[in-house]
Amino acid sequence: AIPLVVAINTSLAARNGMLVRDRIAMEEARNLDAIIFDKTGTLTEGEHGVVGTATADSVDEADALRLAAAVERDSEHMIAGAIREAAAERGIDAPAADDFEAMKGRGVRATVESQEVYVGGPNLLEHLDRDAPANLRDFADKAGENARTVVYLVQEGELIAAFAMADVIREKSYRVVDALHDLDIEVAMLTGDARDVANAVADELGIDTVFAEVLPEDKYKKVQELQDQGKLVGMVGDGVNDAPALARADVGIAIGSGTDVAVQSADVILVQNNPMDVVRLVKLSKASYRKMQ
Ligand code: ADP
Ligand code: MG
């Protein structure tokens, strides 16, 4: 009888926009102790328009944007799109860039007009062993308090500008956190973004556990960290970066359009980009397997 119940269960799931790749995970969903969400694009919209710029003394804002747009020319990251757009809006033409390199979870690097230029977040500054000058640090602190992502521009080893990006929390995220708490599930958030940005979003949503400034290759370790506490852990993500974490989780959930890699690493795929489907998934699992006993 069990296979029949499972079959009914998965077709019910499919009708609710959930594609089940692993039925055991579907059964385990009812017992989840904790669910980790990717921040950008999952709990937040991830739109990232440039809303503020700060520059080091003697550096012109338009010049900084021009350089940044050049380095970001070949990056597919949302941050890159926002910077290119900000430059275009001001009628700034980005010069050509050579030797482009994407540094996963850190930023990008390229040669522009014979100079080595980087754009990236706090993980990049750490990697380059650079501290921000006082005025850029103040700018970043203020932006972080307002949950804004900040990326820095480094030219020939000098940190010369910072850009603040707007990202907004998705309206549905509030209900998701409340509903999971009602089900006694711990809610965690995982991001490569700065700690203060992550904390601002987590405070706003009432999230229990925050993992910030995590490099893509380390994301799965945070899943493991909760598992080592004896918890059954779900992971919800959309990006290439999340694939190993999705694979490591007891229930890996890919959301939205998702990348191919994320989809292949997930146990369940939520077709509609609606985080409330995570709650529906847990409830469906509880309802189905209660009936079976
Ligand atoms: P998330 O964990 O929020 O999905 P990522 O792992 O994609 O984020 O990126 C983490 C951080 O790396 C970003 O917040 C940003 O600071 C930096 N970063 C990544 N890609 C870029 C890029 N193309 N330009 C600038 N910064 C970037
Ligand atoms: Mg991501």
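Q: In which helix is the place of lysine 219?

A: Some conventions come first. This is a predicted model, in which local features need pLDDT of at least 70, side-chain atom pairs count only at pLDDT 80 or more, and totals for chains, interfaces and linings use all residues. Residues are numbered from 1 along each chain as its sequence is written, chains are lettered from A and ligands numbered from 1 in the order in which they are written, and side-chain values use heavy atoms, with hydrogens and water left out. Helices (H or I, at least four residues) and strands (E, at least two) are DSSP runs, numbered from the N terminus. On this basis lysine 219 belongs to helix 10.

Q: Is lysine 219 buried or exposed?

A: The terms rest on relative accessible area: buried means under 20%, exposed over 50%, and partly exposed in between (1.4 Å probe, protein chains only). Lysine 219 has a value of 6% and is therefore buried. Contact means heavy atoms within 4.5 Å. Leaving aside neighbours within four places in sequence, lysine 219 has contacts that include Asp38, Thr191, Gly192 and Asp242.

Q: Which residues are closest to ligand 1?

A: A residue is near a molecule if one of its heavy atoms lies within 4 Å of it. There are 19 residues around ligand 1, and the closest are Thr40, Glu72, His77, Gly192 and Lys219. By class, this shell has four nonpolar, ten polar and five charged residues; here Ala, Val, Leu, Ile, Met, Phe, Trp, Tyr, Cys and Pro count as nonpolar, Asp, Glu, Lys and Arg as charged, and the others, Gly among them, as polar. Strand 5 (107–112) and strand 6 (115–120) each supply at least two residues of the shell.

Q: Why does ligand 1 lie between domain 1 and domain 2?

A: Domain bounds come from an automatic or database domain assignment. The chain is divided into domain 1 (2–45 + 169–292) and domain 2 (49–166). The contact between them takes 16 residues from domain 1 and 13 residues from domain 2. Ligand 1 lies between the two domains because both give residues to its shell. The C-alpha centres of the domains are 31 Å apart.

Q: Which residues of helix 9 are buried?

A: As a general idea, an α-helix has 3.6 residues a turn, so residues three or four places apart point the same way. In helix 9 (residues 195–205), the buried residues are Val197, Ala198, Ala200, Val201, Ala202 and Leu205. Their cover includes helix 3 (39–43), helix 7 (134–145) and strand 9 (186–190). Glycine 206, with a positive phi near 75 degrees, follows helix 9.

Q: Where is glutamate 113, and what is its phi?

A: Most residues other than glycine have a negative phi. Glutamate 113 has a positive phi, near 50 degrees, and is placed in the loop between strand 5 and strand 6. With a relative accessible area of 48%, glutamate 113 is partly exposed. Aspartate 184 also has a positive phi, near 65 degrees, and lies in the loop between helix 8 and strand 9. Aspartate 184 is exposed, at 69%.

Q: Which loop holds leucine 232?

A: Leucine 232 lies between helix 10 (219–228) and strand 11 (233–237), and is buried at 18%. The C-alpha atoms of leucine 232 and alanine 34 are 6.5 Å apart, although 198 residues separate them along the chain.
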